[in-house]
Amino acid sequence: GAIASAVEEQGVATRAISGTVQAVAAGTRQVTVSIGTVSSLAEETGRAAEGVRAAAGNLTAQAAETRAEVGRFLAGVKAA
């Protein structure tokens with residue numbers, strides 16, 4: 001009767017709680033994976049940004065050298 005019904009209801013509630021806990025655990029694992037992915041992408045972006053910064057520095061140095069060579073060339077043309 002009543003006790004068997006209460007035990008059955010308790011079993012249903014326990015199974016529902018267990019399913020919810022498993023779903024939350026799976027969601028937590030997915031969030032952890034996503035955080036790892038975002039972290040890896042952020043590191044890659046940082047490395048790429050450093051590469052762009054280094055390339056910009058190299059271009060600046062090359063532009064300065066080109067300006068100096070053009071200046072020397074024009075000075076040589078004027079002197080000739």
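Select Val70, Phe73, Leu74 and Val77 to begin: these residues form a nonpolar patch on the surface, and together they carry about 380 Å² of accessible area. A patch of this kind joins nonpolar side chains (Val, Leu, Ile, Met, Phe, Trp, Tyr) within 5 Å, using residues with over 30% relative accessible area and no salt bridge, while like charges are joined within 9 Å. Accessible areas follow the Shrake-Rupley method with a 1.4 Å probe, and for residues only the protein chains shown count as cover. The model is predicted: local features need pLDDT of at least 70, side-chain atom pairs count only at pLDDT 80 or more, and totals for chains, interfaces and linings use all residues. Residues are numbered from 1 along each chain as its sequence is written, and side-chain values use heavy atoms, with hydrogens and water left out.

Keep Val77 selected. Val77 belongs to helix α1, which covers residues 2-79. Its relative accessibility is 47%, so Val77 counts as partly exposed; the classes are buried under 20% relative accessible area, exposed over 50%, and partly exposed in between (1.4 Å probe, protein chains only).

Now display the whole chain. The protein has 1 helix and 0 strands, where helices (H or I, at least four residues) and strands (E, at least two) are DSSP runs numbered from the N terminus. The radius of gyration is 34 Å, well over the 12 Å that the globule rule gives for 80 residues, so the protein is more spread out than a compact globule. That radius is taken over C-alpha atoms, and the globule rule is 2.2 Å times the number of residues to the power 0.38. Along the principal axes, the C-alpha atoms fill a box of roughly 115 × 10 × 5 Å. Buried residues account for 1% of the 80 residues. The accessible surface comes to about 6500 Å², and 67% of it belongs to carbon and sulfur atoms.

Next, colour by charge. There are 7 positive and 7 negative side chains, and the centres of the two sets lie 13 Å apart. Lys and Arg count as positive and Asp and Glu as negative, without His and the chain ends; each charge is placed at NZ of Lys, CZ of Arg, CG of Asp or CD of Glu. Side chains of opposite charge can pair when their charged atoms come close. The whole structure holds 3 salt bridges, each defined as a side-chain nitrogen of Lys or Arg within 4 Å of a carboxyl oxygen of Asp or Glu.

Visit the salt bridges in turn:

- Select Glu8 and Arg15, whose side chains meet at 3.6 Å, N to O. Arg15 is exposed at 52% relative accessible area, and Glu8 is partly exposed at 46%.
- Select Glu50 and Arg53, where the closest N and O atoms are 2.7 Å apart. Both lie in helix α1, 3 residues apart, about one turn of the helix. Glu50 is partly exposed at 41%, whereas Arg53 is exposed at 52%.
- Select Glu65 and Arg72, which meet at 3.3 Å, N to O. Glu65 is partly exposed at 39%, and Arg72 is exposed at 51%.

Finish at Thr14, which lies in helix α1 and is partly exposed at 40% relative accessibility. Draw a C-alpha to C-alpha distance from Thr14 to Gly1: the two are 13 residues apart in sequence and 20 Å apart in space.
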